[in-house]
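Here's a quick briefing on strands and salt bridges. Take a look at the structure first, then read on.

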Amino acid sequence: MMMWSNFLMQEEDRRRGAAARRGAGPPGLSPEREGKVKLALLLTAVGATLAVLAVGTEFWVELNTFRANDSAVCDAAYLGLWKVCVKRLWQEDVPAARRTCGPAQLPGETNCTYFKFFTTGENAHIFHRTTKKEMNLAAAVIAVLGLTVMALGCLCIIMVLSKGAEFLVRVGAICFGLSGLLLLVSLEVFRHSVRALVQRVSPEPPPAPALTYEYSWSLGCGVGASLVLLLGGGCFLLLTLPPWPWGSLCPKQAPTAP
């Protein structure tokens with residue numbers, strides 16, 4: 001009888017230990033630390049969404065011609081990393097206080113074409129102006145590289161949460177910070193490509209129309225994504241620091257006796 005009772009007690013202890021291990025989460029990662037990692041991952045997920053939205057859309061910059069009094073239509077264009085869209089708008093739809101044609105979100109006839117310097121190496125021609133393909137290519141390649149590094153960072157943090165590989169937190173932090181920097185560099189290169197486009201006027205007739213340009217919401221998403229990814233990388237980096245510096249700055253108060 002004593003033998004059976006000992007066996008049953010050992011079996012019960014084994015089941016309780018297995019249940020406790022299943023509910024404890026990934027090995028080597030405490031519940032408090034896991035919650036902090038998930039919060040930082042949620043922050044970087046917002047940045048990743050903004051980054052994909054920015055790189056995948058073409059509303060980075062709008063090019064607007066000036067309105068002519070003797071015409072019922074006017075032309076505007078918007079472009080991103082991959083394609084350019086030229087849009088013909090009715091002047092009656094353009095706000096009366098606006099001197100240039102636009103905004104490009106107004107209804108009108110749209111003609112979109114993908115840039116050929118990714119395939120045949122040809123420059124694009126917009127309003128009798130020529131793109132500088134080297135700068136456009138560099139901006140696109142840097143942006144794609146930033147997305148790739150960002151995906152690697154997400155993979156590292158997923159491995160931390162699923163396998164408990166806590167050493168990958170620092171790798172993920174570096175990846176997210178680097179992706180934010182790469183997106184910022186891509187944005188700056190694109191800005192220089194827009195300035196080069198406006199200045200590279202074709203000498204062939206007819207004369208090129210005067211242009212103004214304004215940056216649009218896709219570029220704003222890119223800026224926001226860069227800052228959020230940098231912030232997320234900083235949060236992950238803080239999680240890798242030892243606790244003693246923060247403990248010395250914020251010492252715990254001893255409980256007071258009632």
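Is Lys38 buried, exposed or partly exposed? With a relative accessibility of 44%, Lys38 counts as partly exposed (buried is under 20% relative accessible area, exposed over 50%, partly exposed in between, using a 1.4 Å probe and protein chains only). Keep in mind that this is a predicted model, where local features need pLDDT of at least 70, side-chain atom pairs count only at pLDDT 80 or more, and totals for chains, interfaces and linings use all residues. Residues are numbered from 1 along each chain as its sequence is written, and side-chain values use heavy atoms, leaving out hydrogens and water.

**Strands**
- Helices (H or I, at least four residues) and strands (E, at least two) are DSSP runs, numbered from the N terminus.
- Five of the seven residues of strand β2 (residues 73–79) are buried, so β2 is largely enclosed by the rest of the structure.
- β2 runs antiparallel to β1 (residues 61–65), with four bridges joining them; strands pair if DSSP finds at least two bridges between them.
- β2 also runs antiparallel to β3 (residues 83–90), through seven bridges, and these two form a hairpin with three residues between them.

**Salt bridges**
- The whole structure has seven salt bridges (a side-chain nitrogen of Lys or Arg within 4 Å of a carboxyl oxygen of Asp or Glu).
- One of them joins Lys38 and Glu34 at 3.3 Å, N to O; Glu34 is buried, at 15% relative accessibility.
- Asp75 and Arg88 form another, with their closest N and O atoms 3.0 Å apart.
- Asp75 sits in β2 and Arg88 in β3, so this pair ties together parts 13 residues apart in sequence.
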